[in-house]
Each structure stands twice: as C-alpha cells, then as structure tokens.
Amino acid sequence: MRFARSGAPGDETPIVDVDGTTYDLSPLTADIDGDFLEDGPRRVREALAAGSLEPIDVAGSRLGAPITRPSAIYCVGMNYAAHAAESGSAPPENLVLFMKAPNTVIGPNDEVTIPRSSEKTDWEVELAVVIGRRASYLDGPEQSLDHIAGFTVANDLSERAWQLETSGGQWGKGKSAPGFSPLGPWLVTPDEVDHANLRLRSFVNGEPRQDSSTSDLIFDVPYIVWHLSQHLALEPGDVIMTGTPQGVALSGRFPYLKRGDVVELDIEGLGSQRQVFA
C-alpha cells in the first residue's frame, strides 16, 4: 500500500493507493498520523475487503507530506562513506545523530524559501523511515522492521554555514529553517520495496547531482532503528532520515542553491519530488 495526503496545506485528505486505484481514507481516519499508523494498515485491508472505501480522483491535486507533522525527526549524518569523504570526514565508527524541527515538514512539490542571509543552502536526497509501532530497547536489528510503517523520500535541506561555521558545535541551526524537510509523495509500506537496495538520485536545474543506492549505507535501516531504540523511544509517526550520498554542494563541485533553482529527487519505488526555490 502507498499512503498519501492530498489537498491544500492544512486541509489534506488521507488517501491510499492499492494496485493503481486510489481510495479516500476519510471514513477511517481524519489524517495520517502516529495514531493511525499503529493499526491503520490492518484497518485499511479490512475496509478494502469489505468494499467500504470509495475511489477518489486526485489527479492534478497538490500532495502534502504523506504524514502530518511528526513528533520528532531524527537524522543520521555521514551515513555514506563517499559523502563523509566529500565533507572532509572519515566514515563514522558510531552512528551520528542530529534532529530537525518537526515544523520543517512540507509537501514534496511545495515551494521552498531560501532563508534570509543564507548563501549556502544545500540539497540532500534521503531515504526516510516512518515509525509505526513504539520502539524502545529492541533486542536486535531483526526486530526493527516490525516497528516500521513505511518509507518515503526526504530532502534534508541544509544551510551549511549555519550548520558548520556558526553552529557552536551542533547542527540544528543549519537544519531547521521553514520548509527544510520536504517529504513524500508516498509513504510506502515495507512489503512494497526492498529498502536495502533502492536507487536514489537528485538533480538541480535538470543536471544530475547524486546517484547512489541504499545498499551503500554504512548503518542500514534495521541497525539504525535498533540503535536509536537503545538511546530513545521511537514513537509512531516519528521520521528517521537515514543519510545522503555524495554529490551535494558542500563537496565544492557544485554551486549552492539560489532563488529560481529547481531541485528534483527520486527514489526507486517511492516516487519523485520537485521544489522551486524562492
């Protein structure tokens, strides 16, 4: 199943795509949030079997983020060896964790405003994990998938000067500007994709930037969820961004984003994003 939210900002309708047919989930839930994700997929399957969900035409409609504002956004830094190298760092021996403000979430194709005084706004295509069941002190990585609702595309936008030059030692200032977490278009359930081998790419003004695979992750998805559960409690609806591959402006090979630029991202099986920067 592929979940999404369609409509104007703040007035999105929850929907699900099953075998190419899109259904309105309003009879089951007001929104796609942590409460829904705990048992929503089961209830959707039951409703489909009973024929109680109506098809809906959302062609041409805006898609919001596939989950309403999460309670937390956890991010894994330098999780591809080549990206760590272009950042001037050795591959990490321990998982690097930082956080983004939940109010940074926007839809996959929404306009992004470059922050005032920013000169180093950067793009980062990432596989994002959405938690479906509370995870605390999991016994091992083999338990992780039981706690995952699905996967989606994320753009972990960053202001590099604020992240690295005036950060004071923490990355949060460079990661939490409004609109810095485009998510979507779809939240795809784990049975639909091979999360361990997905091609992910980014383009700026039509020119290729990043092209890699989740098979190159230093810390894979099951490890990330298990590891985080040893340090904090993951709640339903929480988002984990798993890291970005090489090919960002921080490398020095490409210019940083400016007003009028267009960034496009895609991950195999999860869909595409397109943001115009203003």
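**Exercise 1.** Determine in which sense β2 and strand β3 pair, and over how many bridges.

*Solution.* In this predicted model, β3 comprises residues 21-24 and pairs with β2 in the antiparallel sense. Four bridges connect β2 and β3. The two strands form a hairpin with two residues between them. In that turn, Asp19 has a positive phi of about 55°.

**Exercise 2.** Identify the strand that β1 is joined to, and describe the hairpin that the two form.

*Solution.* Strand β1 (residues 2-6) is joined to strand β2 (residues 13-18) by five bridges. These two strands run antiparallel. Their hairpin has six residues between the strands, and Gly7 takes a positive phi near 135° there.

**Exercise 3.** Find the residues that stand opposite Val16 of β2 in β1 and in β3.

*Solution.* Begin with β1, which spans residues 2-6: Phe3 stands opposite Val16. Turn next to β3, where the bridge partner of Val16 is Tyr23.

**Exercise 4.** Locate Thr104 and decide whether Thr104 is buried or exposed.

*Solution.* First, the location: Thr104 lies in the loop between β5 (96-100) and β6 (105-106). Second, the accessibility: the relative accessibility of Thr104 is 0%. Buried means under 20%, so Thr104 counts as buried. Third, the surroundings: leaving aside residues up to four places away in sequence, Thr104 touches Ile73, Lys175, Ser176, Ala177, Gly179, Phe180 and Ser181. With Ser181 there is also a polar contact between the two side chains, at 2.7 Å.

Methods
Residues numbered from 1 in each chain as written. Predicted model: local features only at pLDDT ≥ 70, side-chain atom pairs only at ≥ 80, totals over all residues. Heavy atoms only, no water. Pairing = 2+ DSSP bridges. Buried < 20%, exposed > 50% of the residue type's maximum accessible area, 1.4 Å probe, protein only. Polar contact = N/O pair within 3.5 Å; in protein donor to acceptor, adjacent residues only side chain to side chain. Contact = heavy atoms within 4.5 Å.
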